[in-house]
Amino acid sequence: ENAQLKDIISHAKEYGFVYPSSEIYDGLQAVYDYGAYGVELKNNLKRLWWETMTRVQENIVGIDAAIFMHPTTWKASGHVDSFNDPMIDNKDSKKRYRADVLVEEHAATFERAGDIEKANSLTGALARMLEAEDLAGVRDLIINEGIKCPISGTSNWTDVRQFNLMFSTQVGSVAEDASTIYLRPETAQGIFVNFLNVQKTARMKVPFGIAQIGKAFRNEIVARQFIFRMREFEQMEMQFFVRPGTELEWYKVWAETRMNWHLALGTPAEKLRKHDHEKLAHYANAAMDIEYEFPFGFKEVEGIHSRTDFDLKSHQEFSKKKQQYFDPEVNQNYIPYVIETSIGADRLFLLTLCNAYTEEKTEEKSRTYLKLHPAIAPVKAAVLPITKKDGLPEKGKEIVELLKYDFNIIYEDAASIGKRYARQDLIGTPFCIAVDHQTLEDNTVTIRHRDTTEQERVPISELHGRIAEATSF
Ligand code: ATP
């Protein structure tokens, strides 16, 4: 882990954003809990996504499907047969690795050294072997290239095996009756199996979309980089159903819409890039990722995929229930094509933290603050009486009353005002409202702005409007 990521991880822990799960038992790998400010920030990100994807879109509605689904769902979706990663164990360190990642990282060392040809030949060979399911070939490649385990330093490797990423469990109490079900590895299938329910009951006409936010579970072999790759995480997905033949137009529309959303949230354009997939999954006819430059490099945050009619068609086959839509405009029945946008809430959270984390050093002082868009900041304003006496706390609490039904507000009257400002900077509060003796006379307060540290005098009656304006998206 690099230094910048380390700083962000310790900041997240120290200031109540993210803790390792069950930390008193030394944690559980790739599982994390969100603290007091973390849950606010995450909820704000989810709410913003939800509002821009459902409320302001006249042709998209939401659902909330269960995590458990009929096991046939995952046969139809292809997850039982092919949601696999190839893994390999080092016999000396007993550490498990993703075989494809070992080869890719090895190839990347050649790329960094300028030997692009060698790098490409390695990744090309890997892609061909994975496609042909030639796992012995992948192992030979690892051995022949002399790829070593970073822990033991040896190349004493086991065979390469496929490892299914779905978690399974049993429903039913009696062992003989129990059947295996899975924790969903993506939220999308809950949308596909409800396609007709939603279309009919919400009276939707193609083109239309269904959006969902919910937990997904993957038994990731390589779990690292903090909340970038988790075993339990949250997805925000939208499936947009269109008339066959129009899908590539809609794909363009959604790729652009989603990129603009990231820019509107304050992510700088130079930190974002599109990555078109050259190699497409068998069900896709176009696919791209939106990548963000994390401290560990450009990595996927969101995927936009043109999935054709693969999922609905497959569910029709397995369920023997027609998954067709009658389009009155063209007087035809068809299985719609699908464009999906899929983003991880936790990965977006990490992007947001990385982007907001700011260390400012001048000759006189240094300070750290989170430069969060006010719409997603966990706390919108802190009300801070400059002393604990003379009726200032009472006045402060009156101000809290005025604001707290519409905004998340903190009240704090202990410690020096400077220390209290610094603490609000660390959790990204855009406004500090200082209450002083003048407030008692003329009902004005000082607003201190997080990013500039500038202060201005404003009437209490203007506070609500000011905060509302700044925190709208
Ligand atoms: P990756 O290649 O990084 O494993 P993926 O291509 O498998 O991701 P998708 O299946 O397209 O990812 O999932 C859509 C989104 O869900 C991703 O863009 C990412 O934001 C999020 N996501 C996927 N897996 C995880 C995970 N293990 N932890 C956190 N977020 C995840």
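This is a predicted model: local features need pLDDT of at least 70, side-chain atom pairs count only at pLDDT 80 or more; totals for chains, interfaces and linings use all residues.
**Entry 1: the seven-stranded sheet**

I began with the order of the strands. Seven strands make up an open sheet, and I read them off as β3-β9-β10-β16-β13-β12-β11. The pairing in this sheet is mixed. I then looked for the edges and found β3 (60–62) and β11 (272–276), each of which pairs on one side only. From one strand to the next I get an average twist of 25°.

Strand β9 (residues 208–217) and β10 run antiparallel and are joined by ten bridges. As a reference point I noted Ile 213, which stands opposite Met 236 in β10.

**Entry 2: helix α2**

Next I asked what α2 lies across. The helix covers β3, β9 and β10. Its direction runs at about 140° to β3.

The angle is about 115°, and the axes are 10 Å apart. On that angle α2 is roughly perpendicular to α12. I recorded the crossing of the two helices as right-handed.

Which residues make the contact? From α2 I listed Leu 41, Lys 42, Leu 45 and Lys 46. From α12 I listed Ala 345, Leu 348, Phe 349 and Thr 352. Sorted by kind, the residues of the contact of α2 with α12 are five nonpolar, one polar and two charged.

**Entry 3: the five-stranded sheet**

I turned to another open sheet, formed by five strands in the order β20-β19-β21-β22-β23. Its pairing is mixed. At its edges stand β20 (409–411) and β23 (455–459). Each has a single partner strand, so one side of each is left without a neighbour in the sheet. The twist in this sheet averages 25° from one strand to the next.

Helix α13 (residues 392–403) packs on this sheet, where I found it touching β19 (381–385), β20 and β21. The direction of α13 makes about 160° with that of β19.

Within the sheet I checked β21 (residues 431–435) against β22 (residues 444–449). These strands run antiparallel, with four bridges joining them. For Ile 433 I noted Ile 447 as the bridge partner in β22.

**Entry 4: the β17–β18 hairpin**

How many residues join β17 to β18? I find four, in a hairpin. Strand β17 (residues 357–361) pairs with strand β18 (residues 366–370) in the antiparallel sense, over five bridges. One pairing I wrote down is Thr 358, whose bridge partner in β18 is Tyr 369.

**Entry 5: the ligand shell**

Last, I looked at the surroundings of the ligand. There are 16 residues around it, and those that come nearest are Phe 233, Gly 303, Ser 342, Gly 344 and Arg 347.

I then asked which elements supply the shell. At least two residues each come from β10 (232–242), β13 (297–308), β16 (337–344) and α12 (345–356). Strands β10, β16 and β13 are already in my list for the seven-stranded sheet, and α12 is the helix that packs with α2. The largest share, four residues, comes from β13.

Of what kinds are the residues of the shell? I sorted them into four nonpolar, four polar and eight charged.

Technical notes: Residues are numbered from 1 along each chain as its sequence is written. A residue is near a molecule or strand if its C-beta atom, placed from the backbone, lies within 6 Å of it. Ala, Val, Leu, Ile, Met, Phe, Trp, Tyr, Cys and Pro count as nonpolar, Asp, Glu, Lys and Arg as charged, and the others, Gly among them, as polar. Two strands pair if DSSP finds at least two bridges between them. Axes are lines fitted to C-alpha atoms, for helices over the stretch in contact, and angles run from 0 to 180 degrees between N-to-C directions. Two residues are in contact if their C-beta atoms, placed from the backbone, lie within 7 Å. Angles under 35 degrees count as roughly parallel, over 145 as roughly antiparallel, 65 to 115 as roughly perpendicular and the rest as oblique. A crossing is left-handed if the near helix is turned anticlockwise from the far one by less than a right angle, and right-handed if clockwise.
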